[in-house]
Amino acid sequence: MDVDGTADGDWYVDGRCTNCDVARQLAPELIKEIGRRSEVVRQPRDAAEERQLHAVAFACPTRSVRRHGGRVAAERDPFPLRLDDTVSLCGHNSPHTAGANAYLLRRPDGTQLMIDTPRFAEALAARFEADGPVTDVLLTHRDHAAHGRRYADLFGARLWIHEGDLDASPDADQVLRGTGPVTVADGVVAHPLPGHTRGSVLYVADERYCFSGDSFFWSRTTGDLEIAESVTWYSVTELAASLARTAGRLRFSWLLPGHGDRRHLPEAEMARRLRELTDRAQEMRPRPVDFTALRW
């Protein structure tokens with residue numbers, strides 16, 4: 001037993017935690033936000049909860065989720081972690097993308113697309129391609145671009161970004177322009193949504209999956225779709241206008257954001273909530289950036 005009352009094998013969060021919310025998304029009953037950081041509030045009670053904490057350990061961008069008295073075994077790494085038969089969560093969130101989530105999208109022809117980027121490692125790239133070659137790396141905006149070129153080059157894939165954020169990835173292979181929808185692959189449409197950044201983009205696949213970047217997310221606090229209005233780098237007013245222009249043509253039942261929770265709802269309910277979010281956004285006004293005001 002350690003001086004802090006924890007035993008060998010117990011899970012804990014070390015002092016490097018940046019409060020990015022990744023741990024709480026993957027193990028919401030075991031890890032909570034306390035004092036503007038994540039803390040383990042109880043130890044796992046069964047094998048399923050133990051698997052959750054192993055997933056957290058390999059997703060945490062600062063590798064802050066640890067065990068007393070030993071390392072987390074590499075063979076317990078569950079990533080890429082399937083969310084369903086089409087989408088996997090990459091895990092291994094990068095400190096260079098503020099700990100953002102990244103995803104793999106499988107296509108009917110056996111290829112895959114990567115949406116945003118996890119931390120870079122050749123060994124991880126090999127794991128990600130185990131289910132098929134990655135043909136495209138789709139960046140939702142500048143904040144998540146850190147490893148895009150390296151992954152695209154290693155995969156032999158095309159790198160996509162919007163012109164509004166092109167300075168974050170000036171050597172992109174494909175540049176989205178304007179505000180109209182663009183088909184980037186069979187069944188996959190890019191919807192430019194300036195607001196969080198000037199070049200923010202949503203990618204919607206098969207009218208089922210919406211990769212929203214940092215434009216909006218599911219909040220556990222409010223139980224609804226939300227905008228991170230206190231962390232909007234370009235213009236919340238522009239984001240409201242983008243939603244008003246775009247929301248009516250979006251069809252999806254899976255919300256897959258970069259930050260904040262994922263959510264799967266019936267398409268009609270998701271559409272209703274998106275309409276209501278669009279209406280609320282019209283009342284939002286610019287405010288200073290304040291990470292402490294986020295309602296995960």
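Me: What makes β12 and β13 a pair of strands?
Reply: Two strands pair if DSSP finds at least two bridges between them. Strand β12 (residues 182–185) and strand β13 (residues 188–192) are joined by 3 bridges, so they pair, and they run antiparallel. In this pairing V182 stands opposite A190 in β13. The two strands form a hairpin with 2 residues between them, and G187 in the turn has a positive phi of about 85°. A strand here is a DSSP run of E with at least two residues, a helix is a run of H or I with at least four, and both are numbered from the N terminus.

Me: Before we go on, where do these values come from?
Reply: This is a predicted model, in which local features need pLDDT of at least 70, side-chain atom pairs count only at pLDDT 80 or more, and totals for chains, interfaces and linings use all residues. Residues are numbered from 1 along each chain as its sequence is written, and side-chain values use heavy atoms, with hydrogens and water left out.

Me: Which strands stand at the edges of the open sheet, and why?
Reply: The sheet has 7 strands in the order β5-β6-β7-β8-β9-β10-β11, with mixed pairing. At its edges stand β5 (81–82) and β11 (174–176), because each has a single partner strand and one side of each is left without a neighbour in the sheet. For β11, 3 bridges join it to strand β10 (residues 158–162), and these two run parallel. W160 has Q174 in β11 as its bridge partner.

Me: Why is the pair of F128 and Y151 called tilted?
Reply: Rings of Phe, Tyr and Trp (its six-membered ring) pair if their centres lie within 6.5 Å; planes under 30 degrees apart count as stacked, over 60 as edge-to-face and the rest as tilted. The ring centres of F128 and Y151 are 6.2 Å apart and their planes are at 50°, so the pair is tilted. F128 lies in helix α3 (residues 122–128) and Y151 in helix α4, 23 residues apart.

Me: And what makes Y151 and F155 stacked?
Reply: Their centres are 5.5 Å apart and their planes at 25°, so this pair is stacked. F120, F128, Y151 and F155 form one aromatic cluster.

Me: How do you know that F128 and Y151 are buried?
Reply: Buried means under 20% relative accessible area, exposed over 50%, and partly exposed in between (1.4 Å probe, protein chains only). F128 is at 1% and Y151 at 0%, so both count as buried.
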